[in-house]
Amino acid sequence: MADSSLKGGITEQKTLFSPYKMSNFNLSHRVVLAPMTRCRAINGIPGQGLVDYYTQRATDGGFLITEGTLVSDNAGGFPHCPGIYNKEQVEAWKTVVDAVHAKGSVLFCQLWHVGRASHYVYQPNGGSPISSTTTPISNRWRILMPDGSHGKYPEPRALATHEVPDIVNLYRQAALNANEAGFDGIEIHGAHGYLIDQFIKNGINNRTDEYGGSIENRCKFLIQVIRAVISAVGPNRVGVRISPAIDHLDAMDSDPQGLGLSVIERLNDIQTNVGSKLAYLHVTQPRYTAYGQTEAGKHGSEDEEARLMRTWRRAYNGTFICSGGFTRELALKAVEDGDADLVSFGRLFISNPDLVERLKINAPLTRYNRRTFYTHDPVVGYTDYSFLNPKGLSRL
C-alpha cells in the first residue's frame, strides 16, 4: 500500500521528497547518504577532508550515515578507515559532527568490525583476523592492501565462546564514544559479509556452540550487539543494517528470505520488550555488489527482488530503508509504492555531492570515477566533484 496521509481532507501522496519522521528526527526528504568506505581518515583519525566531504552532502533536514567506523584496533580491513575507539578519534569526529549539524542534517555513526575480511597487516602485532569460523574468504575476492595492491584473505581465527561477549562490549563502548562525539545515533553494520554477517549466514558460520547451528543461535551475536548498543544510547537512536540475500565476500545463506524474516522477528520483539521502536532497519537489495550493479538476472529478476524486499518491509514494524543500485526512478517508485520509507544512495552520492537537489529537479548526474574510490587524497575523487550551483550551496 502506498504511503499517504490526510491533509485538509485530501489524501497526500508521499514521494522521495516528502518530509518523514524517523524516530525523533524530522527529515525534510527521504534521500539518505549510505555508508561507504572512502579510506581518507589517515591513521584512523578523521581530518578536514571528512569535514568537507560530509558537509558537502548535508542538507537541511537530511539524513547521513557515516562510512564504516571501526570499533577497535583489530576491526579494520581497509587502509585509513576512521575509528571511534580512542579519545583522539572521538575529538576528531566532533568537528565533523558539528559541521554537519550546522547544515541542519542528522548524522548516524555506522559501527563496523570486518571480522575475517581483514589481513595480518591490519591486525595488531600481525595477528590473525577473528571470525565465527576458521574458513577464509575464497580466492574469488581480493583484499585492498595499504600499498594499493590486492592480496588474498588469510585464514581467520574462530572466536572462542567466552570471547564473544568481549566483542559485544566493543560495540557498546564505541556507541558511548559516538554519543560523546555528538552523533545523533548509531547504525550497526550487520551486512555485506563482515563480522556480524559471518555469524548470521549459514554459508559461513559452521560453529557447534551456542552461536552456531540454528537461526536462533546464529542471530544471537547480532541481538546481543543490538541490546548492548541500546543500553548505551537508547533504542530510538539505533539503526540496523542487514543483507540477507547478498553473497558479498562469500556471505551466502541457504534461505535468505527466512533469514531476513527471522532477524526482523527478533527486531520486532526487541522493540516490544523495550517499549520503543528502533530508529530504522536498513536492508540492501540483492542487486548490490562491491563492483557495481549485478548483471541482469544474476540474482534473479527485478520482480523477484522487489517481492523479497516487500516481504521484509511488510514484516518489519518500523522505518524501513532500502539501498543498493537505486536510480531516481527506482527510488521514486519504492517510496510511492510503500516499499521503502527512505532510500539510501552510495556511489551516486560520491560524484554528486548535491544529489538531493539533482534528484529533485531531475538534473543530469555526474559519473563517478571508480579508480579514486579508495585512494587517500583528501580532495581528489573525494571533495572535488562539481555542484550544479557553482558556490556548492544547496537550494533546498
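This is a predicted model: local features need pLDDT of at least 70, side-chain atom pairs count only at pLDDT 80 or more; totals for chains, interfaces and linings use all residues.
The table sets out the two pairs.

| Helix pair | Axes come within | Crossing angle |
|---|---|---|
| H1 (residues 48-56) and H2 (residues 87-102) | 9 Å | roughly 25 degrees |
| H6 (residues 220-233) and H7 (residues 256-274) | 11 Å | roughly 30 degrees |

How do H1 and H2 lie, parallel or antiparallel? Angles under 35 degrees count as roughly parallel. The axes of H1 and H2 cross at roughly 25 degrees, so these helices are roughly parallel to each other. H1 passes H2 in a right-handed crossing.

Now look at the side of H1 that meets H2. Leu50, Val51, Tyr54 and Thr55 come from H1. Their partners in H2 are Trp93, Thr95, Val96, Ala99 and Val100. Sorted by class, this contact holds 7 nonpolar and 2 polar residues, with no charged ones.

Turn to H6 and H7. Their axes cross at roughly 30 degrees, and H6 and H7 are therefore roughly parallel to each other. Their crossing is right-handed. H6 brings Leu222, Ile223, Ile226, Arg227 and Ile230 to the contact. H7 brings Val263, Arg266, Leu267, Ile270 and Asn273. The residues of this contact divide into 7 nonpolar, 1 polar and 2 charged.

Gln110 lies in strand E7, which covers residues 106-112. Is Gln110 buried or exposed? A residue is buried under 20% relative accessible area. Gln110 has a value of 2%, so Gln110 is buried.

What does the side chain of Gln110 make a polar contact with? Its partner is the side chain of Glu187, at 2.8 Å. Gln110 also touches Pro35, Ile65 and Arg241, among others beyond four places away in sequence. The C-alpha atoms of Gln110 and Leu70 are separated by 8.6 Å. Along the chain, these two residues are 40 residues apart.

His282 sits in strand E14, residues 280-284. Its relative accessible area is 0%, so His282 is buried. Beyond its neighbours within four places in sequence, its contacts include Pro35, Ile65, Glu187 and Arg241. Among the others are Val240, Ile242 and Ser344.

Thr383 lies in the segment after helix H11 (355-361). Its relative accessibility is 14%, so Thr383 counts as buried. A polar atom of its side chain lies 3.4 Å from the backbone oxygen of Pro378. Setting aside neighbours within four places in sequence, Thr383 is in contact with Gly49, Asp52, Tyr53, Gln56 and Pro378. Recall that H1 spans residues 48-56.

Most residues other than glycine have a negative phi. Which way do Asn43 and Asp250 go? Asn43 is not a glycine, yet its phi is positive, at about 55 degrees. Phi of Asp250 is also a positive value, near 65 degrees.

Both residues lie in loops. Asn43 is in the loop between strand E5 (31-33) and H1. Asp250 is in the loop between strand E13 (238-242) and H7. Asn43 has a relative accessible area of 64% and is exposed. Asp250, at 11% relative accessibility, counts as buried.

How values were computed
Residues are numbered from 1 along each chain as its sequence is written. Side-chain values use heavy atoms; hydrogens and water are left out. Helices (H or I, at least four residues) and strands (E, at least two) are DSSP runs, numbered from the N terminus. Buried means under 20% relative accessible area, exposed over 50%, partly exposed in between (1.4 Å probe, protein chains only). Contact means heavy atoms within 4.5 Å. A polar contact is a pair of N or O atoms within 3.5 Å; within protein, one must be able to donate a hydrogen and the other to accept it, and residues adjacent in sequence count only if both atoms are side-chain atoms. Axes are lines fitted to C-alpha atoms, for helices over the stretch in contact, and angles run from 0 to 180 degrees between N-to-C directions. Angles under 35 degrees count as roughly parallel, over 145 as roughly antiparallel, 65 to 115 as roughly perpendicular and the rest as oblique. A crossing is left-handed if the near helix is turned anticlockwise from the far one by less than a right angle, and right-handed if clockwise. Ala, Val, Leu, Ile, Met, Phe, Trp, Tyr, Cys and Pro count as nonpolar, Asp, Glu, Lys and Arg as charged, and the others, Gly among them, as polar.
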